[in-house]
Amino acid sequence: MQTELLAGDSAGLFIGLITILGLAVGSFLNVVIYRLPLMMQNRWKAECCELLEQPQSPPVTFNLLKPDSHCPHCQTPIKPWHNIPLLSWAILGGKCAKCRQPISIRYPSIELVSGILSGIIALTFGPTLLTAGLLLLTWALISLTMIDIDHQLLPDNITLPLMWLGLLVNAQSFGLTDLHSGVIGAAAGYLVLWGVYWLFKIVTGKEGMGYGDFKLLAALGAWMGWQQLPLIIILSSFVGAAIGIAGILIQGRDKNIPIPFGPYLAIAGWIALIWGDTITGSYLQFAKL
């Protein structure tokens, strides 16, 4: 482990600080997950009105920073001390400080997941420049997962910069793989799912997945190289099939309702990032290859 570079208490302090940073970033990710799709919808509407030469409503400032965070029920601005990750939600009993309407447990859950995953990155890769890059990758995957669950959308605003960042990191000596493997991984990741998409469409006449899935797998290939793509595809397909079948059998989910594939790609990609070599090695040992 890279954390061997730090001794005892120093390693624990580093991991603790990164975990706290992850909790704080998780609070911001809640904003990204909610607002980014709305920002995209507003831009699309404006572009459509411009194309059709229709009158537009006066522009309202709405981005990741403005308006300030507020209660969705009573519109009361959230004070800074009411926005401390996990702690504020627990102290307030999961309710708005003013109107006492419940605040979804989803918000602290995302903060907690962000903190835990950030801590695991710090534990695994230690105090390195690579850790900084992988934290950005982790936070992006969390955002993409939740946006795809909510809207069946994987924004280019996240997937494309993520792919280019992966290639830039691998162009350095501290990357996960070499640049050659990253470039092939990006191309192969896109083309594999692109091929599956068209094969499925030709056979069934339906679209089995969106173009955002191609770009997400391309981004994962750019970060981890083409060598990890088979594992990512197998893991995501297995998890997706298992959850989809469980939803149909247990919850009576309509099998005709599309299931977003992005979350499974993101989860499989992160698992491959941390335990990919171990999983592959165990399989080869089991298969005696």
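Q: Is Ser-27 buried or exposed?
A: In this predicted model, residues are numbered from 1 along each chain as its sequence is written, local features need pLDDT of at least 70, side-chain atom pairs count only at pLDDT 80 or more, and totals for chains, interfaces and linings use all residues. Side-chain values use heavy atoms, with hydrogens and water left out. Ser-27 is found in helix α1 (helices, H or I with at least four residues, and strands, E with at least two, are DSSP runs numbered from the N terminus). Buried means under 20% relative accessible area, exposed over 50% and partly exposed in between, using a 1.4 Å probe and protein chains only, so at 13% relative accessibility Ser-27 counts as buried.

Q: Which residues is Ser-27 in contact with, leaving aside its neighbours within four places in sequence?
A: Contact here means heavy atoms within 4.5 Å. With neighbours within four places in sequence left out, the partners of Ser-27 are Asn-83, Pro-85 and Glu-111.

Q: How does Phe-28 count by its relative accessibility?
A: Phe-28 is found in helix α1. Its relative accessibility is 39%, so Phe-28 counts as partly exposed.

Q: What is the C-alpha to C-alpha distance between Phe-28 and Trp-139?
A: In sequence, Phe-28 and Trp-139 are 111 residues apart. In space, going C-alpha to C-alpha, Phe-28 and Trp-139 are separated by 9.9 Å.

Q: Which residues is Leu-141 in contact with, leaving aside its neighbours within four places in sequence?
A: Leu-141 is one of the core residues that touch the most other members. Beyond four places in sequence, its contacts are Leu-162, Leu-216, Leu-220, Ala-266 and Trp-270.

Q: How are α4 and α7 oriented to each other?
A: Axes are lines fitted to C-alpha atoms, for helices over the stretch in contact, and angles run from 0 to 180 degrees between N-to-C directions. The angle between α4 and α7 is about 165°, and their axes are 12 Å apart. Angles under 35 degrees count as roughly parallel, over 145 as roughly antiparallel, 65 to 115 as roughly perpendicular and the rest as oblique. The pair α4 and α7 is therefore roughly antiparallel.

Q: How many charged residues does the contact of α4 with α7 have?
A: From α4, Gly-133, Leu-134, Leu-137, Leu-141, Leu-144 and Asp-148 meet Asp-213, Leu-216, Leu-220 and Trp-223 of α7. Ala, Val, Leu, Ile, Met, Phe, Trp, Tyr, Cys and Pro count as nonpolar, Asp, Glu, Lys and Arg as charged, and the others, Gly among them, as polar. By class, this contact of α4 with α7 has 7 nonpolar residues, 1 polar residue and, as charged residues, 2.

Q: What is the handedness of the crossing where α8 passes α9?
A: These two helices pack at about 125°, with axes 8 Å apart, and α8 and α9 are therefore oblique to each other. A crossing is left-handed if the near helix is turned anticlockwise from the far one by less than a right angle, and right-handed if clockwise. For α8 and α9, the crossing is right-handed.

Q: How are α7 and α9 oriented to each other?
A: The residues that meet include Leu-216 and Leu-220 in α7, and Leu-265 and Ala-266 in α9. The packing angle is about 5°, and the axes of α7 and α9 are 10 Å apart. The two helices α7 and α9 are therefore roughly parallel.

Q: Which peptide bond is cis, with omega near 0°?
A: Most peptide bonds are trans. The cis bond runs from Lys-66 to Pro-67.

Q: What is the phi of Gln-75?
A: Gln-75 is found in the loop between α1 and α2, and its relative accessible area of 48% makes Gln-75 partly exposed. Most residues other than glycine have a negative phi. Gln-75 is not a glycine, yet its phi is positive, at about 65°.

Definitions and conventions
Core = buried A, V, L, I, M, F, W, Y, C linked by side-chain atoms within 4.5 Å.
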